[in-house]
Amino acid sequence: MSFNGLIKGLHHVTATVNDAQEDVDFFTKVLGQRLVKETVNFDNERVYHFYYGNEIGSPSTIFTTFPYKDQGVKQGIIGNGQVYESVFSAPGNSMDFWRMRLASKGLSVKEETRFGKEFLLFEDPSGLKLSIVEDEDDTREPVWVTKDVAEEHAIRGIHSVVLAVKNVEETVSFLIDFGYQIKLEESPYTLLETKEKGAGNSLMVLDGKHLPSGVNGLGTVHHVAHRVDSIDDSIKIKETLESEYDIQVTEVKDRKYFKSIYFRIPGNVLFEVATSGPGFLVDESNEELGTSLKLPDWQEVRREQIEKNLEPYER
Ligand code: ZN
């Protein structure tokens with residue numbers, strides 16, 4: 001109870017992927033998301049940082065990628081201590097549409113029933129495990145409506161993430177303190193949600209006893225971010241984690257579009273807590289979102305050099 005309901009739900013998921021062009025094509029043209037921001041990895045300016053989301057990249061709709069091709073990063077291993085799968089939310093009656101659409105793009109699609117719901121499982125070009133589930137209660141605006149993904153089928157945002165861990169009990173107990181409550185249990189999954197409930201505010205913990213340990217690299221999720229209203233809330237969370245849980249937390253990092261802290265939970269998954277604001281409209285208008293490389297002030301001074309090191313791609 002020590003986190004006092006400060007965690008509202010999910011903010012974004014960030015993955016390490018392979019090729020920039022393949023990534024943009026997959027998320028915008030196959031999944032129909034909007035590229036809301038093109039910037040660079042603030043910790044490695046030779047690598048793009050792409051943010052995909054709904055029209056303005058609202059918290060809980062954002063999926064972000066670092067395309068690390070040709071940077072000496074190997075294919076990772078998806079396993080324990082990681083986000084094992086990222087689940088997107090689609091409106092009711094859209095499973096047939098997505099099943100056919102994904103297959104028509106050459107993707108291999110599997111189906112699995114969890115908690116009485118059908119999940120379409122597939123992979124992105126770098127091997128990330130993704131899925132789509134119908135959620136007729138998801139009231140968020142569609143991510144983005146494109147010429148071949150109509151509003152009635154358009155993805156609403158991130159539904160949930162699956163955390164693979166060896167120590168389910170300890171992880172679930174931490175998540176309950178953190179602000180999630182158990183909604184359903186169906187081995188090997190435990191479904192949890194925050195007080196705000198439902199899509200965008202949910203997690204599944206997967207019992208990973210039979211899985212390998214996750215290794216960071218291409219085709220793996222790097223971290224999952226949870227949203228808070230303000231930086232004061234993040235600081236309260238940092239203090240609680242350090243004093244009551246003996247968990248080390250980073251200093252507050254300015255990510256320009258939000259402010260963040262990072263730490264590992266007992267199941268070893270890297271968590272971020274990010275502020276809902278200021279959002280993606282701080283440096284370009286709605287119409288311009290994602291149409292040119294944006295850099296924070298401290299990198300703007302080296303723009304020419306930074307652009308030279310980035311592989312061009314087509315939107
Ligand atoms: Zn992040």
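What share of the 315 residues in the protein chain is buried? Buried residues make up 56% of them. Before I go on, please keep in mind that this is a predicted model.

I will start with the overall fold. The protein chain has six helices and 16 strands.

Now the contacts. Take the contacts in the protein chain with a separation of 6 or more: 67% of these are between residues 24 or more positions apart.

Next, the surface and the charges. The accessible surface of the chain is about 13,800 Å², and carbon and sulfur atoms account for 47% of it. On the charge side, there are 35 positive and 53 negative side chains. The centres of these two sets lie 2 Å apart.

Let us move to the metal. Which residues coordinate the zinc ion? They are H12 and H223, each through NE2, and E272 through OE, at 2.0 Å. Along the chain, the spacing of these donors reads H-x210-H-x48-E.

Now a few details of the backbone. As background, most peptide bonds are trans, and most residues other than glycine have a negative phi. Here are some exceptions in this model.

Start with the peptide bonds. The bond from S187 to P188 is cis, with omega near 5°. P188 is in the loop between β10, residues 181-186, and β11, residues 189-193. A cis bond also joins G277 and P278, where omega is about 5°. For P278, the place to look is the loop between β16, residues 270-275, and α5, residues 297-300.

Then the phi angles. N93 has a positive phi, near 60°, and is not a glycine. You will find N93 in the loop between β5, residues 82-90, and α2, residues 95-104. Its relative accessible area is 73%, and N93 is exposed. K256, again a residue other than glycine, has a positive phi near 70°. K256 is in the loop between β14, residues 253-254, and β15, residues 259-264. With a relative accessibility of 22%, K256 counts as partly exposed.

Where is E242 found? It is in helix α4, residues 231-244. E242 is partly exposed, at a relative accessible area of 35%. Leaving out residues up to four places away in sequence, E242 touches I247, Q248 and V249. As for F263, which is 21 residues from E242 along the chain, the C-alpha atoms of the two are separated by 10.0 Å.

Note on methods: Residues numbered from 1 in each chain as written. Predicted model: local features only at pLDDT ≥ 70, side-chain atom pairs only at ≥ 80, totals over all residues. Heavy atoms only, no water. Helix = DSSP H or I, 4+ residues; strand = E, 2+ residues; numbered from the N terminus. Buried < 20%, exposed > 50% of the residue type's maximum accessible area, 1.4 Å probe, protein only. Contact = heavy atoms within 4.5 Å. Areas by Shrake-Rupley, 256 points an atom, 1.4 Å probe, with all protein chains shown as cover. Lys, Arg positive; Asp, Glu negative; His and termini not counted. Charge placed at Lys NZ, Arg CZ, Asp CG, Glu CD. Donors = N, O, S within 2.8 Å, 3.2 Å for Na, K, Ca; no water.
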